[in-house]
Amino acid sequence: MKRITLTFILMILGSASILAQRGLNIYPFFTSEYTSNPKVTVVSLSGKQLEDRGLEKYKSISITDDTALADKLSQAVIKDGCKAVEKDVSYRGGQLYFGFYSLGGSGINRRYMLYLNRRPAGKEKSTLIYIEGNLDSASVKAMIK
């Protein structure tokens, strides 16, 4: 009985990590609906390299030469950013250019979004990075630089 209970608890904890992005407007961009698009590049890291840096999850998505999809991503970031406990944003030409958002959490469940829209700089490319881990905001900013 103890083994079954322990297995059940581990399954719940594991699925919580997988589902951590659910509830965020950015979540659909990491599903096959968008990742199968040839203008979309997704990077998802896991394992020892992340753990050594205090991270549990690292996912990024870049959209190149698809204005409509990039605008959808920007709107999702802005909506999720409204719920941020800490944010640092920059607008250029009336568009969100850069955004750093701390979405709260504690311990390994701290969540961050970093967004860069290169359109105001003359390139049709937008990138979103989603991070979870036991890092404070300053550490995340330093890691990304």
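1. Lysine 48 and aspartate 52 form a salt bridge, with 3.1 Å between the closest N and O atoms; the term denotes a side-chain nitrogen of Lys or Arg within 4 Å of a carboxyl oxygen of Asp or Glu. Both lysine 48 and aspartate 52 are exposed, where exposed stands for over 50% relative accessible area, buried for under 20% and partly exposed for the range in between (1.4 Å probe, protein chains only).

2. The basis of these values is as follows. This is a predicted model, in which local features need pLDDT of at least 70 and side-chain atom pairs count only at pLDDT 80 or more, whereas totals for chains, interfaces and linings use all residues. Residues are numbered from 1 along each chain as its sequence is written, and side-chain values use heavy atoms, with hydrogens and water left out.

3. The structure holds four salt bridges. One of them joins aspartate 71 to arginine 119 at 2.8 Å, N to O. Because aspartate 71 belongs to helix 4 and arginine 119 to the loop between strand 5 and strand 6, this pair ties together parts that are 48 residues apart in sequence. Helices (H or I, at least four residues) and strands (E, at least two) are DSSP runs, numbered from the N terminus. Aspartate 71 is partly exposed at 34% relative accessibility, while arginine 119 is buried at 19%.

4. Aspartate 80 forms a salt bridge with lysine 83, the closest N and O atoms being 3.9 Å apart. Aspartate 80 is buried, with a relative accessible area of 0%; lysine 83, at 52%, counts as exposed. Salt bridges with shared partners also join Asp71, Arg119 and Glu124 into one network.

5. Helix 4 has 15 residues and spans 21 Å from its first C-alpha to its last, close to the 21 Å expected at 1.5 Å a residue, the expected span being 1.5 Å times one less than the number of residues. Its buried residues are Leu69, Ala70, Leu73, Ser74, Ala76, Val77, Asp80 and Gly81. They lie on the same side of helix 4 because they cover an arc of only 160° around the axis, taken from the directions from the helix axis to the C-beta atoms. The face turned away from that buried side carries the exposed residues Ala68 and Lys79.

6. The largest nonpolar core has 21 residues, of which Ile26, Ile61, Leu73, Val77, Met113 and Leu128 touch the most other members. Such a core is a set of buried Ala, Val, Leu, Ile, Met, Phe, Trp, Tyr and Cys residues joined through side-chain atoms within 4.5 Å. Helix 4 gives the largest share of this core, five residues. A second, separate core of ten residues includes Leu50, Phe100, Leu114 and Leu135.

7. Asparagine 117 lies in strand 5 and is buried, with a relative accessible area of 3%. Its side chain reaches the backbone nitrogen of arginine 119 at 3.0 Å. Leaving aside neighbours within four places in sequence, asparagine 117 is in contact (heavy atoms within 4.5 Å) with Gln95, Leu96, Tyr97, Lys125 and Ser126.

8. Arginine 53 sits in the loop between helix 3 (48-51) and strand 2 and is exposed at 54% relative accessibility. Its C-alpha is separated by 8.7 Å from that of glycine 133, 80 residues apart along the chain. Not counting residues up to four places away in sequence, arginine 53 touches Leu135 and Met143.

Key: A polar contact is a pair of N or O atoms within 3.5 Å; within protein, one must be able to donate a hydrogen and the other to accept it, and residues adjacent in sequence count only if both atoms are side-chain atoms.
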